[in-house]
Amino acid sequence: MGAAADVRLSAWVHGNVQGVGFRWWTRSRALELGLVGHATNTRDGRVSVIAEGSRAQCDKLLALLRSGETPGRVDLVVESWESARGELTGFEER
């Protein structure tokens with residue numbers, strides 16, 4: 001599978017997900033899955049997760065975000081999908 005098949009997952013994570021190690025945890029899972037992107041706190045209390053890689057690996061990350069085994073408390077994850085843009089390297093906490 002080449003980069004042409006890669007996807008971009010954008011996930012808005014709602015709940016008690018700031019100040020609880022959520023971004024660090026997300027970064028660790030994403031790196032284990034070989035994904036690139038970032039996890040960013042937003043002013044309204046959500047965390048924005050952007051991840052690029054294979055659809056299968058992005059699906060695994062999405063399942064982990066919804067697993068109930070994250071730090072803090074996830075009430076809702078709203079995702080959208082598009083083709084990977086390819087400008088990301090590594091996985092950052094922002």
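I take buried to mean under 20% relative accessible area, exposed over 50% and partly exposed in between, with a 1.4 Å probe and protein chains only. I worked on a predicted model, in which local features need pLDDT of at least 70, side-chain atom pairs count only at pLDDT 80 or more, and totals for chains, interfaces and linings use all residues. Residues are numbered from 1 along each chain as its sequence is written, and side-chain values use heavy atoms, with hydrogens and water left out.

**Entry 1: Leu 61**

I looked up Leu 61 and found it in helix H2; helices (H or I, at least four residues) and strands (E, at least two) are DSSP runs numbered from the N terminus. Leu 61 has a relative accessible area of 0% and is therefore buried. I then listed its contacts (heavy atoms within 4.5 Å). Leaving aside neighbours within four places in sequence, Leu 61 touches Thr 26, Arg 29, Ala 30, Leu 33, Leu 35, Val 49 and Ala 51. I also checked His 38, which is 23 residues from Leu 61 in sequence and 12 Å from it in space, C-alpha to C-alpha.

**Entry 2: the sheet**

I traced an open sheet of five strands in the order E4-E1-E3-E2-E5, with mixed pairing; two strands pair if DSSP finds at least two bridges between them. Strands E4 (73-83) and E5 (91-93) stand at the edges with a single partner strand each, so one side of each lacks a neighbour in the sheet.

I went through the pairs in turn. E1 and E4 run antiparallel and are joined by ten bridges; Ala 11 has Glu 79 of E4 as its bridge partner. Seven bridges pair E1 with E3 in the antiparallel sense, and Trp 12 stands opposite Ser 48 in E3. Strand E2 (residues 36-41) runs parallel to E5, with three bridges between them. His 38 has Glu 92 as its bridge partner in E5.

**Entry 3: Arg 8**

I placed Arg 8 in strand E1 (residues 7-16). Is Arg 8 buried or exposed? Arg 8 is buried, because its relative accessible area is 6%. Its side chain makes a polar contact with the side chain of Glu 52 at 2.6 Å. For a polar contact I require a pair of N or O atoms within 3.5 Å; within protein, one must be able to donate a hydrogen and the other to accept it, and residues adjacent in sequence count only if both atoms are side-chain atoms. Leaving aside neighbours within four places in sequence, the residues in contact with Arg 8 include Ile 50, Ala 51, Trp 81 and Leu 88.
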